[in-house]
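I opened the notebook to look up two things.

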Amino acid sequence: MPARPEDTERRLDVIAGGLLLVFALGWTGAVWLTVPEGYGVGPRAFPFWLGVALAVLSALLLAKGLRGSYAPEAPDAEDLPRAAVPILLRLGLVAAVCGIIAGYGVLMQKIGFVPATVLTVAGTLVFVLGERRPLVVGGMALGIALGAWLAFGQVLGAYMPRGTWISLF
């Protein structure tokens, strides 16, 4: 008997939520153990709370999958052979989120906060979200990077990585 669509959806939410929760907890623990605290809002604050937010959202997704509150849908005979597509898509998105966050951490150490943020935001918009308008991609990438640098680095005085390869800000 083929799996019902709501059962497949539940399994996908449990898998994605569980994987993201493990990653978020590992990320948050690594940030807590390796990034210095600083004074007030230090360099640990932003990556730590980013990990906490990912943990909370992934726990909600996991709970939704475990609770199983999905509206039953009538199975469509032509959709049954494509049951593996949502699983691969979800796992691909989980891998993309983990890769983006890990790559961002490496880039930040090598080229500094602002260039790494510009590249990460632009890459996420283009390759994950499919945004193709250059003004939107450029505006979002530069706006987020410079806004975060200004707010955290200049106003709050938090340490912003300068990079070992290049140091622009």
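I began with the rings: Trp32, Phe48 and Trp49 make up one aromatic cluster. I noted that the model is predicted, that local features need pLDDT of at least 70 and side-chain atom pairs 80 or more, while totals for chains, interfaces and linings use all residues. Residues are numbered from 1 along each chain as its sequence is written, and side-chain values use heavy atoms, leaving out hydrogens and water.

I looked up the pairs and found 2 aromatic pairs in the structure. Trp32 and Phe48 form a tilted one, 5.4 Å centre to centre with 50 degrees between the planes. My rule for rings of Phe, Tyr and Trp (its six-membered ring): centres within 6.5 Å make a pair; planes under 30 degrees apart are stacked, over 60 edge-to-face, the rest tilted. This pair links distant parts of the chain, with Trp32 in helix α1 (residues 5-34) and Phe48 in helix α2 (residues 45-67), 16 residues apart. Phe48 and Trp49 have ring centres 5.2 Å apart and planes at 80 degrees, so I logged the pair as edge-to-face.

Next I checked cover. I call a residue buried under 20% relative accessible area, exposed over 50%, and partly exposed in between (1.4 Å probe, protein chains only). Phe48 is buried at 16%. Trp32 is partly exposed at 49%. Trp49 is exposed at 54%.

Leu89, Leu93, Phe127, Val128 and Leu129 make a nonpolar patch of about 560 Å². Patch residues have over 30% relative accessible area and no salt bridge; nonpolar side chains are joined within 5 Å, like charges within 9 Å. A salt bridge puts a side-chain nitrogen of Lys or Arg within 4 Å of a carboxyl oxygen of Asp or Glu. Leu93 sits in helix α3 and is partly exposed at 42%.

Note on methods:
Areas by Shrake-Rupley, 256 points an atom, 1.4 Å probe, with all protein chains shown as cover. Helix = DSSP H or I, 4+ residues; strand = E, 2+ residues; numbered from the N terminus.
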